[in-house]
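Work through the two exercises below with the sequence and the structure in view, and read each solution one step at a time.

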Amino acid sequence: MDDQELGFKAGDVIEVMDATNREWWWGRVADGEGWFPASFVRLRVNQDEPADEEALRARDGEAEDGGAEAQSSKDQMRTNVINEILSTERDYIKHLRDICEGYIRQCRKRADMFSEEQLRTIFGNIEDIYQCQKAFVKALEQRFNRERPHLSELGACFLEHQADFQIYSEYCNNHPNACVELSRLTKLSKYVYFFEACRLLQKMIDISLDGFLLTPVQKICKYPLQLAELLKYTPPQHRDFKDVEAALHAMRNVAQLINERKRRLENIDKIAQWQSSIEDWEGEDILVRSSELIYSGELTRVTQPQAKSQQRMFFLFDHQLIYCKKDLLRRDVLYYKGRVDMDGQEVVDLEDGKDRDLHVSVKNAFRLLCGTTGESHLLCARKSEQKQRWLKAFAKEREQVRLDQETGFSITELQRKQAMLNASKQQATGKPKGTYDPCFCSALSRPYYLARQKHPVLPTSLPQQQVLVLAEPKRKPSTFWHSISRLAPFRK
């Protein structure tokens, strides 16, 4: 944070002292005063709202017809929330239109400066979001009761469009790439001047393009807040109550799904780096079918026909199980030995004793049996609790595959190739192949912080101005690192 920025936490009430700038306000909390992003807070719906229910009841008791006034007050509060939802949607539609018409349309006229691939990287699927939001705001307007706004039924609109909001996942996942590409282009003055000219021609507020492009990321996180506020002032007997309640749950699920997809995509670079560290890799890249490490550990593999026992490291990803051999001298080196397609496998829990197929005594064992080919893999854990963890992991892998199919999650060819390219570059500049880098398990990606950026001085002698670019909020660190750091072959 800069010296004049205001620090606060969720739930704090900030007294706004200067709101002349639409993006950055000057405010006061108990610890001091400073600038803060207007988009990081929401206005109290009613500035005269009592601090607690007791105060509300006391105020209503003083009125001659307290019950009627209380109901009137609640109706007014609900009206305020509904008006706020509609107002922010209209502003957001204008914001999206300005980006599509003010930037994308102008960029497409300059094929000498932008390729379609570049525009897709910078703007993602924001044009698709614009079309969906237009349909959504139209549905909201149709449900709005102009004579008695508090009777408006908006919950059904969110339920009808909840599937459409999932397209924000693609945009949020692409946003870091957009920031990188914009940062690269704005090192060249001609792009800086061009983007500023687009902003001025469209008469957009004084903020740089990367600030505008952050808005959809923030918007999808605001819906649960707005619906929670609407539910707060919707009485249980209201016709909209059940729909608002269901819509709040649905939009929280959408936000959770987007966060989960973002976490998964952040992990694919690490999975690619893991594959590049394995010696003698054979077959397709692991990212062709998988994107999540479910579980890993050491098991004994019993093979036919002599019932030979082999100690192997197993890595369970979605759709496949990879097994490797440790180097006899260097325990941090792994050699690829094979994989099992989990999509056609049945996991069979075996009792301790003599195995009927291999005629050997086994303990803490289970079998992977392919229903189509009849091929089987007999695996044994050292302890009973380890076996149970593996059985739970196999069940979790199937559940993960089912959820991915339901939600349509997949890695694109471009994302896979980029992850493998990044891994090969890191391998070329890093440690020799087959060795584990300790930094791999402890490094956490840095969050984006507030950054200051100056507009260019245009030939028209416009005054040079300074704006603050909003940043992504901190994300919960991935659990992938924790899983990898516990693996036995990676301990020196």
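**Exercise 1.** Find which residue of β3 is the bridge partner of W25, and then describe the sheet around this bridge.

*Solution.* In β3, W25 has F36 as its bridge partner. The model is predicted, with local features needing pLDDT of at least 70 and side-chain atom pairs pLDDT 80 or more, while totals for chains, interfaces and linings use all residues. Residues are numbered from 1 along each chain as its sequence is written, and side-chain values use heavy atoms, without hydrogens and water. Next, strand β2 (residues 24-29) pairs with β3 in the antiparallel sense over six bridges; strands are DSSP runs of at least two E residues, helices of at least four H or I, numbered from the N terminus, and two strands pair if DSSP finds at least two bridges between them. Finally, the three strands form an open antiparallel sheet in the order β1-β2-β3, in which β1 (15-18) and β3 (32-37) each have a single partner strand, so one side of each is left without a neighbour in the sheet.

**Exercise 2.** Determine how the rings of F114 and F194 are arranged, and whether F114 is buried or exposed.

*Solution.* Ring centres of Phe, Tyr and Trp (its six-membered ring) must lie within 6.5 Å to pair, with planes under 30 degrees apart stacked, over 60 edge-to-face and the rest tilted. By this rule there are 23 aromatic pairs. For F114 and F194 the centres are 5.5 Å apart and the planes at 45°, so the pair is tilted. F114 lies in the loop between α2 (66-108) and α3 (116-123) and F194 in helix α7 (residues 189-201), so the pair ties together parts 80 residues apart in sequence. F114 has 5% relative accessibility and counts as buried (under 20% relative accessible area, with exposed over 50% and partly exposed in between, for a 1.4 Å probe and protein chains only).
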